[in-house]
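This report concerns one predicted model. It treats backbone geometry and strand pairing in turn.

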Amino acid sequence: MAPNKLSKKACPASRKLLIFSSIISITLFMSVLFNAQEIKKVSISILEYDKNLIATRRDERWGGGDIKNNYTSNFDQDLRLSKSTYEHTQGSDIDNRISELEKHIKHLLNSTPPSAEKNDSDSSHMYKRPTYFKHDALPPQPIDNIKPTEVFSACMLIKDDNTILSEWLAYHYVALPLRNLVVAVDPHSKTSPEKILRRWGNGSNFDHAGASDKSYTKMNIELWGDTDIYPDRTPEQIKELQNIRGLGADEIVRRHIDRQMQMMSQCMKYHKKAGRTWVILADSDEYLVFNPKDKNDRPPMKKNWKDPNTVSTPDKVATENWWHRKFEYQKNTRSRVPRIGGNVSIADFVLAEKNQHPWLYEDDPCLNVPRLFYSSKKSNPSVVQSAVPDRIKEKYNTDTLNTIRYRHNAGKFHNKFNLLGKSIVDVARVSFENLAHVSDNTHSPIKGVCKRAYTKYDISILRFNHYLGPWEEHAKREDVRRSKEHYDWKANISEAEDDVIREWLRLFYVKFGLIRAVELLQLSSLSVN
């Protein structure tokens with residue numbers, strides 16, 4: 001192979017650098033026509049590209065010397081051609097910026113990659129991102145300039161969930177804030193959510209009756225059925241899948257899980273095509289909240305990482321220090337997370353912390369979030385009503401809002417009731433090929449990418465509040481796995497109480513006002529005696 005020629009195995013980004021080098025050559029010819037200052041601005045943009053590309057790729061893509069040498073060779077060519085455009089006009093701010101970029105890029109090329117930098121907490125150890133994290137779809141650099149409304153999207157399969165759907169939409173609209181959602185309806189659902197969804201958003205699969213109403217920003221909501229979930233199946237095959245008459249309970253459950261996993265896969269691909277990032281994969285009784293430290297915490301039973309001094313090789317030491325830094329940061333951050341209902345949304349916090357675990361660009365794109373189970377045990381009415389704005393509780397019944405009326409939970413370490421966690425996935429960092437690797441586990445939704453189905457509470461910044469709800473509501477959603485006996489077994493669990501989520505209603509009221517809030521939440525008027 002010629003010394004300055006890329007091999008076929010070299011990454012596409014390296015070929016882009018050659019293209020940029022050719023572009024600079026053309027600018028030399030055009031220099032007689034354009035102002036030298038403008039040409040130097042082009043040089044800066046190309047060197048900025050080189051800098052960002054090298055900084056991101058050096059740890060992700062160079063394992064062998066060939067690729068790194070290609071970056072070095074192409075950068076030298078870019079720099080040489082850039083300098084030739086302004087040798088006669090040294091000293092300007094633009095010239096100084098090019099010099100700064102030259103120093104920065106040379107430092108990146110010659111310094112130790114992030115995978116072997118020293119751990120801040122222990123200067124004698126290195127840290128290295130675990131090699132099994134899949135980043136095969138990693139863009140040249142993190143997606144910048146994201147608005148809070150663009151951080152989170154969601155996918156949800158529902159079945160007769162109309163009584164709790166409005167509350168789920170309302171909470172996530174203000175707390176995340178959520179603006180992009182796919183709702184798939186189980187074919188055996190006796191009710192349709194379309195009327196509720198029309199109040200909240202515009203979607204391509206149904207007409208929005210209030211599209212001209214500009215009083216608040218609508219959500220982008222897509223309403224899906226089995227033809228969207230199974231795009232490669234014929235109508236006859238889909239009809240056969242929907243026919244559960246005469247099937248045993250195990251087969252009915254298997255088909256339901258398969259539908260849910262296929263929906264997640266298609267939905268994540270849909271959000272990825274739209275250029276989105278973190279996608280929430282949850283049910284209509286699960287609410288994403290901060291997981292602050294509180295009086296119900298207790299010390300972990302064991303460390304979340306190995307002692308680096310007990311690990312044999314430097315490479316393993318570096319990996320364990322990666323986990324140490326990650327877990328220590330998450331554990332300590334729980335003491336300073338904002339409160340739900342305040343001025344800082346969950347998306348605001350994620351954006352502010354984007355250079356830290358678990359949002360760090362080089363970290364795992366699949367984040368498992370623990371669940372906290374809330375029973376249907378009642379609290380003191382005065383305590384419940386303390387979270388309701390005065391104007392609402394004067395005239396309207398809020399007993400239908402599970403996040404407001406239920407405060408008793410199983411405690412953060414009672415796994416018999418909390419069960420496994422749910423995932424949020426940064427689809428920007430997962431390839432379409434891997435998104436098609438459908439799992440059979442709703443708690444670990446992508447084969448080969450989502451490695452964990454459980455995360456400890458003491459190291460998780462977020463959690464899902466999982467509400468049982470009243471029996472009448474619970475029974476509406478027909479499921480062979482549900483029974484009155486099983487419901488009663490967990491209905492009065494009370495290892496702890498908290499109000500972490502309940503302030504969201506005040507924020508919602510402030511944003512929408514009384515009339516609109518009541519309409520969107522479908523609150524009924526109090527009966528007049």
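## Positive phi angles

Aspartate 160 is found in the loop between E3 and H5. Although aspartate 160 is not a glycine, its phi is positive, at about 55 degrees. Is this residue buried or exposed? Aspartate 160 counts as buried because its relative accessibility is 9%, under the 20% cut-off.

Leucine 419, in the loop between helix H15 (415–418) and strand E13 (422–426), also is a residue other than glycine with a positive phi, near 60 degrees. At 46% relative accessibility, leucine 419 counts as partly exposed.

Strand E3 spans residues 152–158, and seven of its seven residues are buried. Phe152, Ala154, Met156 and Ile158 point one way from the strand, while Ser153, Cys155 and Leu157 point the other way.

E3 pairs in the parallel sense with strand E7 (residues 278–281) over four bridges; within this pairing, leucine 281 is the bridge partner of cysteine 155. Strand E4 (residues 180–185) also pairs with E3 in the parallel sense, over six bridges, and there leucine 181 is the bridge partner of alanine 154. From E3 the chain crosses to E4 through helix H5 (residues 162–175), in a right-handed β-α-β crossover.

## Cis peptide bonds

The peptide bond from leucine 176 to proline 177 is cis, with omega near 0 degrees. Proline 177 is placed in the loop between H5 and E4.

Definitions and conventions
Residues are numbered from 1 along each chain as its sequence is written. This is a predicted model: local features need pLDDT of at least 70, side-chain atom pairs count only at pLDDT 80 or more; totals for chains, interfaces and linings use all residues. Side-chain values use heavy atoms; hydrogens and water are left out. Buried means under 20% relative accessible area, exposed over 50%, partly exposed in between (1.4 Å probe, protein chains only). Helices (H or I, at least four residues) and strands (E, at least two) are DSSP runs, numbered from the N terminus. Two strands pair if DSSP finds at least two bridges between them. A crossover is right-handed if, with the strands pointing away from the viewer, the path from the first strand over the helix to the second runs clockwise.
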